[in-house]
Amino acid sequence: SSYIVADVIRTRRNDKATDPYQRIILGLSIFDILFSFILFLGTWITPEETGWLMAVGNTSSCTVQGFFHILGWVGEIGYQMALTL
């Protein structure tokens, strides 16, 4: 996904036009990176009181993680649906 983002940005810097397919794939890749990063964080930002392995977060960090988890998931689904149209 990061390669796709870099490739589309490089294309735009060279003053070349991008087609709608490339822009949809760019959006999908950005949401994929966001979603993957949140999954990577996993239990680190889960509240300590849960007793989960390596949990060092608090309630606020858990709320932020949940927000970005849902945002990434819905964003990916939205862009995948845009590809099918």
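**Exercise 1. Confidence**

What is the mean pLDDT of the protein chain, and what share of its residues reach 70 or more?

*Solution.* The model is predicted. Begin with the chain as a whole: its mean pLDDT is 89. Next, take the share of residues at 70 or more, which is 100%. Then go element by element. Helix H1 (residues 2-13) has the lowest mean, 89. Helix H3 has the highest, 92.

**Exercise 2. Fold and overall form**

Determine the secondary structure of the protein chain, then decide how it compares with a compact globule.

*Solution.* Count the elements: three helices and zero strands. Read along the sequence, they give the pattern α-α-α. Now test the form. The radius of gyration is 16 Å, whereas the globule rule gives 12 Å for 85 residues. The value is well over the rule, so the chain is more spread out than a compact globule. Turn to the principal axes: the C-alpha trace spans about 50 × 25 × 15 Å.

**Exercise 3. Burial, surface and contacts**

Work out how much of the protein chain is buried, what its surface consists of, and how far apart in sequence its contacts reach.

*Solution.* Of the 85 residues, 25% are buried. The chain exposes about 6100 Å². Carbon and sulfur atoms supply 67% of that area. For contacts, take pairs at least 6 apart in sequence. Of these, 49% join residues at least 24 apart.

**Exercise 4. Helix H3**

Describe the span of H3, its start and its buried residues.

*Solution.* H3 covers residues 59-84, which is 26 residues. From first C-alpha to last, H3 reaches 38 Å, close to the 38 Å expected at 1.5 Å a residue. At the start of H3, look at Asn58. A side-chain oxygen of Asn58 comes to within 3.1 Å of the backbone nitrogen of Ser60. Now list the buried positions: Ser61, Gln65, Gly72, Gly75 and Glu76. Finally, find their partner. The buried residues of H3 pack against helix H2 (20-41).

**Exercise 5. Tyr79**

*Solution.* Buried means under 20% and exposed means over 50%. Next, set aside the neighbours within four places. Tyr79 is then in contact with Ile24, Gly27, Leu28 and Phe31. Last, take a distance along the chain. His69 is 10 residues from Tyr79, and their C-alpha atoms are separated by 16 Å.

Technical notes: Residues numbered from 1 in each chain as written. Predicted model: local features only at pLDDT ≥ 70, side-chain atom pairs only at ≥ 80, totals over all residues. Heavy atoms only, no water. Helix = DSSP H or I, 4+ residues; strand = E, 2+ residues; numbered from the N terminus. Expected span 1.5 Å × (residues − 1). Buried < 20%, exposed > 50% of the residue type's maximum accessible area, 1.4 Å probe, protein only. Contact = heavy atoms within 4.5 Å. Polar contact = N/O pair within 3.5 Å; in protein donor to acceptor, adjacent residues only side chain to side chain. pLDDT = per-residue confidence, 0-100. Rg over C-alpha atoms; globule rule 2.2 N^0.38 Å. Areas by Shrake-Rupley, 256 points an atom, 1.4 Å probe, with all protein chains shown as cover.
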